[in-house]
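Student: I am new to this structure and would like a close look at one part of it. Could you take me through a salt bridge and what surrounds it?

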Amino acid sequence: MNNHAHTGHTAHGHSDHSGHAAHGGGRPGGLSVSEDGYTLELDSTALTAGVRRIDFRVTGPDGRAVTEFVTEHEKELHFIAVRRDTSGFQHVHPVRDEKGTWSVELALEPGDWRFFADIHPAGHDGTLTLGIDAAVAGAYDPRPLPEPTGSARTGEYTVALDGALLPGEASELTLTVRRNGSPVTDLQPYLAAYGHLVALRVGDLGYLHVHPEGEPGDGVTAPGPEIAFMAVAPTAGTYRLFLDFQHEGVVRTAEFTVRTTTAGPGPDAATRTAPAHTGHDHGAHHHGAHAHH
């Protein structure tokens, strides 16, 4: 089984997580440029700053560019770009030609970047996340890591984060979206969910692709203001969380810095509900018992 950590990626919102049980809290994805014979290749790993077109391909065990993928969250391939200091996060969807070359535009500032390709090659037994470094020329001004906080702002929107990120254990994270202080209750589906959450481990950018609880149209999942996710931190540490959500036709990104919480003593995981922060404890969605990975 693959060693990436986006648990439940293909079965979001459903009870069938058996295909992912083997690596629930294991090594995160994106740490390797090649895995199981599949390799991420950039046309160039030395780039100039600005809005640039990036061309790349995924080669398979036969050395040829892969042209057949299983669709995951409505796309054949999810591409994430982030600078090594965790700034500049972009989640984009490249276009593939018939020969297997993908193209996408990215806004790049000078510095060292990490690019991730999240894929499920046809005929392979699951999803993979491959990662590759790229250098963008220019004066590099690294930004300090933002302090942990339970609230993020993006334009008129505020997103509150509740829940604890536990090392090696599944826990629920709830993000509540407000606009100018009012709950947003008409979120639009984005990639077959009301939100899309990527977590990166600070220090090596190990990639976790967590899955949403429920899905649009299932009869029980409301279109906001709360979006719930199941997540497993592979190790203790600090993580950067990036939530993409869509409202009124625009996709926005809210960013958080989160430190893992050490689970308390005792066998009952359901009691380990320390919030990830103070001041925004809405208290309704700490379900540590959902450890179904």
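Predicted model: local features only at pLDDT ≥ 70, side-chain atom pairs only at ≥ 80, totals over all residues.

Tutor: Let's start with R84 and D133, which form a salt bridge whose closest N and O atoms are 2.9 Å apart. The term means that a side-chain nitrogen of Lys or Arg lies within 4 Å of a carboxyl oxygen of Asp or Glu. R84 sits in the loop between β5 (77-83) and β6 (90-92), while D133 belongs to strand β10 (residues 128-136), so this pair ties together parts that are 49 residues apart in sequence.

Residues are numbered from 1 along each chain as its sequence is written, and side-chain values use heavy atoms, with hydrogens and water left out.

How open are the two partners? R84 has a relative accessibility of 31% and counts as partly exposed. D133 is partly exposed too, with a relative accessible area of 36%. Here, buried means under 20% relative accessible area, exposed means over 50%, and partly exposed lies in between (1.4 Å probe, protein chains only).

D133 has another partner: R114 also forms a salt bridge with D133, with the closest N and O atoms 3.1 Å apart. This pair links distant parts of the chain, since R114 is in strand β9 (residues 111-119) and D133 in strand β10, 19 residues apart. R114 itself, at 8% relative accessibility, counts as buried.

Side chains of opposite charge can pair when their charged atoms come close. Elsewhere in the chain, E255 and R240 meet in a salt bridge, at 2.8 Å from N to O. E255 lies in strand β20 (residues 250-259) and R240 in strand β19 (residues 238-247), so the contact ties together parts that are 15 residues apart in sequence. E255 is partly exposed at 34% relative accessibility, whereas R240 is buried at 3%. Salt bridges that share partners also join R83, D85, E109 and R143 into one network. To place these examples in the whole, the structure holds twelve salt bridges.

Terms used: Helix = DSSP H or I, 4+ residues; strand = E, 2+ residues; numbered from the N terminus.
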